[in-house]
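Reader: I'd like to walk through a few local features with you. Can we put the structure up and start?

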Amino acid sequence: MTDPSRLFTPVMLGALDLPNRVLMAPLTRNRAHSDGTPWKTAQTYYAQRASAGLIISEATQVTPRGKGYLDTPGIHSDDHVAAWRKITDAVHARGGRIFLQLWHVGRISHVSLLPEGETPQAPSAIRADQKTFTADGFTDCSEPHEMTHEEIREAVEAFRQGAERARDAGFDGVEIHSANGYLLDQFLQDKTNRRDDQYGGPVENRLRFVQEVIDAVATVWPRERIGIRLSPLGQANDIDDSDRETLFTAVYSMISEARLAYLHVVEEFYGTDTTDAEIDLLKRLRAGYEGVYISNGGFTADRAVETLASGHCDAVAFGRPFIANPDLPERFRVGADLNPQDPDTFYGGDETGYIDYPFLPDERTI
Ligand code: PHB
């Protein structure tokens, strides 16, 4: 095994001084109450993982209109704030740091998950060739409607309010979810954005919605406490663009100019393989970005060390390994084996596969 010490040098992530570069990626676990209030058990789940350099919470909808899966959490009511406050307190009590990921799924939804009588919101009325998870199991996404200007303003305002509630709930910052074919990504890419107004057409127009969301969130948080997540390879949720490189060169440049805490990139979406040509594209895009950069997707400790050493990234976010190993940084530090993962309990279910993965024997458990 490669010397892991590079994972354990401190790094400044905007305003935060992280003790290590092993971050916890946002992970949908579908274990919130049906009104979006996180379970009490989430206090234990997140506190168990407080040794991460930074925890990025599971994707959390900023409005009931932004929900796309059964039992995902929200940040749009006082009950949500109170429940998240207990979670952030638990993480802080264990010496950790946690950002909330602000989410709107756009067209990746189903009418049964949305406010009565509403269809999913999207830049254009194009149905996703994708299934989502509802009370009836995996179900085709519903036909969305094209958002009006009023709805676009409301969605931007929902992100601002979500950011405000995240602050009230004691988070250390927020991550704007602009990846994986959800609403912000749908505005960026031309497979899903066929608008002919100021939010569609040329690249600069397609960037407008994301820019407005960043600016709205930045009225609440200093920019050094705002991150953003992108997935320029378009590997999830039926998203695509006719000229990915031109589009994401412009997006990365916008993010550099926004002076955010970090850019977090999904370099490989689970269930897909990133090709050599795609890796070259990620590198070219990276070269055009100035700021702290987080890599994510299918990393091992060894590959994280190599990628840090190459200068490509400043930190690595781990997803599935963090589900199965609450003490992942310590395991990397001592070269311990990792617990086997149980994919059957990744999404939904009970405490099994959520808070019962073992720590190394000498670690204090909670
Ligand atoms: C998922 O529920 O599968 C999911 C949620 C958010 C993501 C990616 C995947 O960004």
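Reader: Leaving aside its neighbours within four places in sequence, which residues is His312 in contact with?

Author: A quick word first: this is a predicted model, where local features need pLDDT of at least 70, side-chain atom pairs count only at pLDDT 80 or more, and totals for chains, interfaces and linings use all residues. Residues are numbered from 1 along each chain as its sequence is written, and side-chain values use heavy atoms, with hydrogens and water left out. Contact means heavy atoms within 4.5 Å. With those sequence neighbours set aside, His312 touches Glu267, Leu282, Lys283, Arg286, Tyr293, Ser295 and Thr307.

Reader: Where is His312 found, and is His312 buried or exposed?

Author: Look in the loop between α9 (301–309) and β14 (315–318); helices (H or I, at least four residues) and strands (E, at least two) are DSSP runs, numbered from the N terminus. Buried means under 20% relative accessible area, exposed over 50%, partly exposed in between (1.4 Å probe, protein chains only). At 12%, His312 counts as buried.

Reader: How do I read a helix pair?

Author: Two packed helices are described by the angle between their axes and the distance between the axes. Axes are lines fitted to C-alpha atoms, for helices over the stretch in contact, and angles run from 0 to 180 degrees between N-to-C directions. Here, the axes of α7 (residues 244–258) and α8 (residues 276–287) come within 9 Å and cross at roughly 35°. The contact involves Arg244, Glu245, Phe248, Thr249 and Tyr252 of α7, and Glu278, Leu281, Arg284, Leu285 and Arg286 of α8.

Reader: What about Asp71: what is its phi near?

Author: Near 60°, a positive value in a residue other than glycine. Asp71 sits in the loop between β4 (55–61) and α2 (78–93), and is partly exposed at 21%.
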